[in-house]
Amino acid sequence: MSDLSGQLECGCQEREADYRIPYGRWRRFYVKSLKQESADITSLYLYPVDKKNIPLAKAGQFICIEVEVPGVGPRRRNYSLSSTPSDEYFRISVKEVPDGLVSPLLTRKVKAGDEFEVSGPYGEFFSSPVISLLLLSAVDVALPRLFPWRKKLPK
C-alpha cells in the first residue's frame, strides 16, 4: 500500500511544471463547508483565501491538495473536481480509505475554516463540443439501424 500511495502522491509533483495554474503558483484555499455524502464520502467546498477568482475548470479535471499529516509532514493528493466549471469554488468528494494517510484526515478531522495549499485544475480527460457532437451524431445514425434486429431476436 505504501508504494501505491507514494505513486499517487508523486502524480501532482511530477506534472506541476507542465500544468501550472494560471497565477503561476499554488494558492491557499479554506474549507467553507463540508457535506457528508455517505458513510465514507465527504465533500469539501474550497474557496480561495485571497478572494480572487479561481481558474476555470473543465469537467473531468482534478486538483492537487497538500495536507499536513501530523508526525509525517506534508503530503499531496490528487482529487477529481466534483464541482461544476461555473462554480466559484472547488469541490472535492473524498472517499475515506481504511488505513489511509490523508483521506481519514480529510473525512474525519477537517472542519470549516481549515486551510490548504491547492493547485489549479489540470488533466486532459474531458470532452470538447466537437467530440460531443460527433458522439451524438454517431448515436443518431446507428441506433435506428439496430431497432429492426430487435424483432428478429428470440424472446
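What percentage of the 155 residues in the protein is buried? I started my notebook with that one, and the answer is 32%. A reminder to myself before going on: this is a predicted model.

**Entry: the overall layout**

I looked up the secondary structure next and found three helices and six strands. Reading along the sequence, I noted the pattern α-β-β-β-β-β-α-β-α. I also checked the contacts between residues at least 6 apart in sequence, and 63% of them join residues at least 24 apart.

**Entry: T42**

I then went to strand 2, which covers residues 41-48 and holds T42. Is T42 buried or exposed? T42 has a relative accessible area of 3%, so I put it down as buried, since the cut-off for buried is under 20%. I found a polar contact of 3.4 Å between the side chains of T42 and Q36. Leaving aside residues up to four places away in sequence, T42 touches several others, among them L34, I92, V94 and T107.

**Entry: V67**

My last stop was V67, in strand 3, which spans residues 62-69. V67 has 3% relative accessibility and therefore counts as buried. Which residues does V67 touch, not counting those up to four places away in sequence? I listed G73, P74, R75, V102, L105, L106 and F116. I also looked up L101: from V67 it is 34 residues away in sequence, and their C-alpha atoms are 9.8 Å apart in space.

Note on methods. Residues are numbered from 1 along each chain as its sequence is written. This is a predicted model: local features need pLDDT of at least 70, side-chain atom pairs count only at pLDDT 80 or more; totals for chains, interfaces and linings use all residues. Side-chain values use heavy atoms; hydrogens and water are left out. Helices (H or I, at least four residues) and strands (E, at least two) are DSSP runs, numbered from the N terminus. Buried means under 20% relative accessible area, exposed over 50%, partly exposed in between (1.4 Å probe, protein chains only). Contact means heavy atoms within 4.5 Å. A polar contact is a pair of N or O atoms within 3.5 Å; within protein, one must be able to donate a hydrogen and the other to accept it, and residues adjacent in sequence count only if both atoms are side-chain atoms.
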